[in-house]
Amino acid sequence: IEAPADKVYAAVVRGVQNNTQGVKVTREDATARLVQFTNGQQIAGIKVSPLGDNLTHLLPHAVTPIPR
């Protein structure tokens with residue numbers, strides 16, 4: 001993504017927090033630029049990594065079902 005990592009991370013967090021699908025944030029680490037979330041059935045996350053001043057990589061991950 002052609003944007004600074006901090007702005008991309010903020011947009012990801014805002015998108016998850018403002019969702020209307022019942023998704024809840026389970027972990028938010030601004031230092032690592034990692035946000036994890038769940039819908040109660042699955043857990044997923046997004047890691048935001050800077051590749052340059054104005055270039056960002058997103059790494060999504062998911063686990064289904066939620067480990068107990």
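Nine bridges join strand E3 to strand E4, and the two strands run antiparallel. The model is predicted: local features need pLDDT of at least 70 and side-chain atom pairs count only at pLDDT 80 or more, while totals for chains, interfaces and linings use all residues. Residues are numbered from 1 along each chain as its sequence is written, and side-chain values use heavy atoms, with hydrogens and water left out.

**Overall architecture**

The protein has one helix and four strands, which follow the pattern α-β-β-β-β along the sequence. Its C-alpha trace spans about 40 × 20 × 20 Å along the principal axes. Of the 68 residues, 28% count as buried, that is, under 20% relative accessible area with a 1.4 Å probe and protein chains only; exposed means over 50%, and partly exposed lies in between. Among contacts (heavy atoms within 4.5 Å) with a separation of 6 or more, 33% join residues 24 or more positions apart.

**The sheet**

The four strands form an open sheet in the order E1-E2-E3-E4, with antiparallel pairing. E1 and E4 stand at the edges with a single partner strand each, so one side of each has no neighbour in the sheet. On average, neighbouring strands are turned by 15° against each other, direction ignored; the axes behind such angles are lines fitted to C-alpha atoms, for helices over the stretch in contact, and angles in general run from 0 to 180 degrees between N-to-C directions.

Helix H1 comprises 13 residues, 5–17, and reaches 18 Å from its first C-alpha to its last, close to the expected 18 Å at 1.5 Å a residue; the expected span is 1.5 Å times one less than the number of residues. Ala5, Val8, Tyr9, Val12, Val13 and Val16 of H1 are buried. Seen down the helix axis, these buried residues fall within an arc of 135°, so they line one face of H1; the arc is taken from the directions from the axis to the C-beta atoms. The face turned away from the buried side carries the exposed residues Asp6 and Lys7.

H1 lies across E1, E2, E3 and E4 and runs at about 165° to E3.

| Strand packed against H1 | Residues |
|---|---|
| E1 | 24–29 |
| E2 | 34–38 |
| E3 | 43–52 |
| E4 | 55–63 |

**The nonpolar core**

A nonpolar core is a set of buried Ala, Val, Leu, Ile, Met, Phe, Trp, Tyr and Cys residues joined through side-chain atoms within 4.5 Å. The largest one has twelve residues, including Ala3, Val35, Phe37, Ala44, Ile46 and Val48. H1, E2 and E3 each supply at least two residues of this core, and the largest share, six residues, comes from H1. Leaving aside residues up to four places away in sequence, Val13 touches Glu28 and Val35.

**Ser49**

Ser49 is found in strand E3 and, at 23% relative accessibility, counts as partly exposed. With residues up to four places away in sequence not counted, Ser49 touches Ala5, Leu55, Thr56 and His57. The C-alpha atoms of Ser49 and Asp6 are separated by 9.1 Å, although the two are 43 residues apart along the chain.

Technical notes. Two strands pair if DSSP finds at least two bridges between them.
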